[in-house]
Amino acid sequence: MKIIAANAVPEPANDEKVLKIANDADIADIARGGALEGVTRIELQFPKFTDGRAYSQAVLLRRRYKFSGDLRAIGDVLIDLLVHMQRSGFTSAVLAEGVSPDAAERQFARYAAFYQGDVLQPRPHFARDATNETASEAA
Amino acid sequence: MYQYTEFDKQFVKLRAQQFRDQLERWQRGELTDEQLLPLRLQNGWYIQRYAPMARIAVPYGEISSTQLRMLARIAREYDKPTPELLAHAQKTQDELQAAQPGLTLAAPPLRYGYGHFTTRTNCQFNWIPITKAAEVMALLASVCMHGIQTSGNDIRNITCDAFEGIAEDEIVDTRAFAEITRQWSSLHPEFSFLPRKFKIAFNGAREDRAATGWYDIGLQALKNVAGEVGFTVKVGGGMGRTPVIGSVVREFLPWDQLLNYIEAIVRVYNSYGRRDNKWKARIKILVKAEGQKFIDDVEAEYKAIVEQDGAPHTISQAELDRVQSFFVVPELKAANLPSKVNSQGQLYRRWIGQNVRGHRLPGMRAVTLSFKRVGFAPGDADAATLDALAQLADQFSAGEARLTHEQNLMLPWVFESDLPALYEAARALGLAQPNIGLLTDMIACPGGDFCSLANARSLPIAAAITERYQDLDEVFDLGPIDLHMSGCINSCGHHHSGHIGILGVDKDGKEWYQVTLGGADGSDLSGPAIGGKVVGPSFSAAEVPDVIEAMLGTYRALRLSPAEHFIDTLRRVGHDPFKAAANGARHGHKAEALA
């Protein structure tokens, strides 16, 4: 996942087609209208980091609409959210003003795996691991 | 009980480390207070009136003796204010008291060194300093405990009927499903910042003892004509400012589709729940506002999950078998301890009648230890008691206990032959009041003594009523009554579902209380879930015990016989006589109507 400091956002290249979607927009309506065609990057909004609507938008864009371009988180992006974002399908994030990227890497290194499936790994833990312990094996 | 795998153990340890990292970055100024807030809530840490409050998860109420011992250790070693902090807190509470002459009640002094059992079967501590938070969470992780999502706008602790697996009217033991759902909901990347909190309850027996009508999602287990297991799914129940009972959205959801369907519900909620107004942000508001459209949206999303996503969270038979393998009957061994109890004595027989319940297994009983007694706030267990509970669980209940929604603790695997010895042991601990289900088995939140959300204190009210109703003959004559009290509209004391509800409200900086009647939690005794109705303008604290007494007097006067329960008399004769009695008990202060 590409982590971009607030003051280091690159200008889009000439061949990039960027679509910004408000976090109260209906993804189905947008897709139906053809707005996703040819889009290379979609930017989703976190007006406050406690407003989690964009996570569902990201999941829908990846899973239902098979969007394969860059999915970028914009707004009140804190490093504590980056793993949730990556698991929801975001591939880049612009950190909020004043948030340092220093502590970001170790957030990704912490959990080897999670219980529920996500955009990166659709199967839940119980369906991935063939050697789940039963009561007799769990010490 | 579920036994943690290596993966599960590592997960809670990493979670504790993550929280430590967040706290350290906050202490270094790398996270502001505002940024830390949702993160610490998702680990169960509130900042309260005088000290942080830590809410430790006890998933669907099940706790082992090892875990009880750790709670005892935390109560003993960490739940401690400095003398200065305690003095400051007590002084402030005393000033609050002094500012309401004639209006308030004698207040019990502030205590520390104990855990508090909540209506959501979690355990709260009120005095652990934030500087010790990381250490405490690491200790808890060592015994497979955590505070994951016990607060915050996420999927909270999942509750069940306390009697799952042992109930005589069991249809399906839903604990395995509760555990599977708990795991699925833990650190869910898409659903960690919902519009508001989200609570799920399971009920596996014929009688609804889990108040499923009052939950964001209520799941009633059933079997169809082919004998297949499924759930009736209710959505949109909740308490707070606008109490609502959940509506059925699916009569029969096959068990293996549980997570897929919940995902659909929560995704619709995350996308469309209101975020502009905290009091209108629960899913109940969305369900009421959208009606059939909500159901259609959920069904469409569920269909897409199944047909387009491939239904990845379909619960496999292998996973159900794995998790269910932990919820079998444990190795049972009678304690066979001697006792000198007079088994014909009235006190013992009353205890058998109220606190001891029949069991699915012949010769076994479920015993509820009563945490409702004079001198203690409802649901409070000090360190010595927590250690003693661990011993009782080991001796009498195969090492297992259960927190109940009514803030008591139940031992689920007791031999009938051990009842006299258990009674003696419980009595020595002060936990054998034969009052389960009766008036003094009240539910009360910690209220204004601790909680910065509270409008008023609940503990002085609870203490006054407990003290006034010490005569067991009287309490037995009054019969089963659900008395629930909350210090504020957040309703942690579930006042809406009480036959009698008491709600703290703030007026002009003083503590006032609304009294409600006729609420129900959906149990057989109470009838279908419904919110209580206010009896009139608010009362002062000092008036409340007299109001309760007056209404109970009306019950005794109007009941057909002592066999007619309070709630049935209330429903039969209507609220007016009770309202008249309540309002007639005012002390002569000018009672102003609340907006």
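This is a predicted model: local features need pLDDT of at least 70, side-chain atom pairs count only at pLDDT 80 or more; totals for chains, interfaces and linings use all residues.
Helix 17 itself spans residues 566–573, and its buried residues are Phe566(B), Ile567(B), Thr569(B) and Leu570(B). Viewed down the axis of helix 17 of chain B, these buried residues lie within an arc of 165 degrees, so they line one face of the helix. In general, an α-helix has 3.6 residues a turn, so residues three or four places apart point the same way. Just after helix 17 of chain B comes Gly574(B), whose phi is positive, at about 90 degrees.

Chain B also holds an open sheet of four strands, in the order 6-7-8-9 and with mixed pairing. At its edges are strand 6 (200–203) and strand 9 (247–254) of chain B, each of which pairs on one side only. With direction ignored, neighbouring strands of this sheet are turned against each other by 20 degrees on average. Strands of a sheet pair through backbone hydrogen bonds, in either a parallel or an antiparallel manner. For strand 8 (residues 229–235) and strand 9 of chain B, the pairing is antiparallel and extends over five bridges. Val235(B) has Ser247(B) as its bridge partner in strand 9 of chain B.

Another part of chain B contains Gly358(B), which sits in the loop between strand 10 (356–357) and strand 11 (364–369). Gly358(B) has 15 other C-beta atoms within 10 Å and is therefore partly exposed, since a residue counts as buried with 20 or more such atoms and as exposed with 12 or fewer. Between Gly358(B) and Arg373(B) the separation is 15 residues in sequence and 24 Å in space, taken from C-alpha to C-alpha.

Turning to chain A, the secondary structure consists of five helices and five strands. Read from the N terminus, the elements of chain A follow the order β-β-α-β-α-β-α-β-α-α. Along the principal axes, the C-alpha atoms of chain A fill a box of roughly 60 × 40 × 25 Å. Chain A has 139 residues, of which 34% are buried. Among the contacts in chain A with a separation of 6 or more, 61% are between residues 24 or more positions apart.

Notes:
Residues are numbered from 1 along each chain as its sequence is written. Chains are lettered from A and ligands numbered from 1 in the order in which they are written. Helices (H or I, at least four residues) and strands (E, at least two) are DSSP runs, numbered from the N terminus. The arc is that of the directions from the helix axis to the C-beta atoms. Two strands pair if DSSP finds at least two bridges between them. Axes are lines fitted to C-alpha atoms, for helices over the stretch in contact, and angles run from 0 to 180 degrees between N-to-C directions. Two residues are in contact if their C-beta atoms, placed from the backbone, lie within 7 Å.
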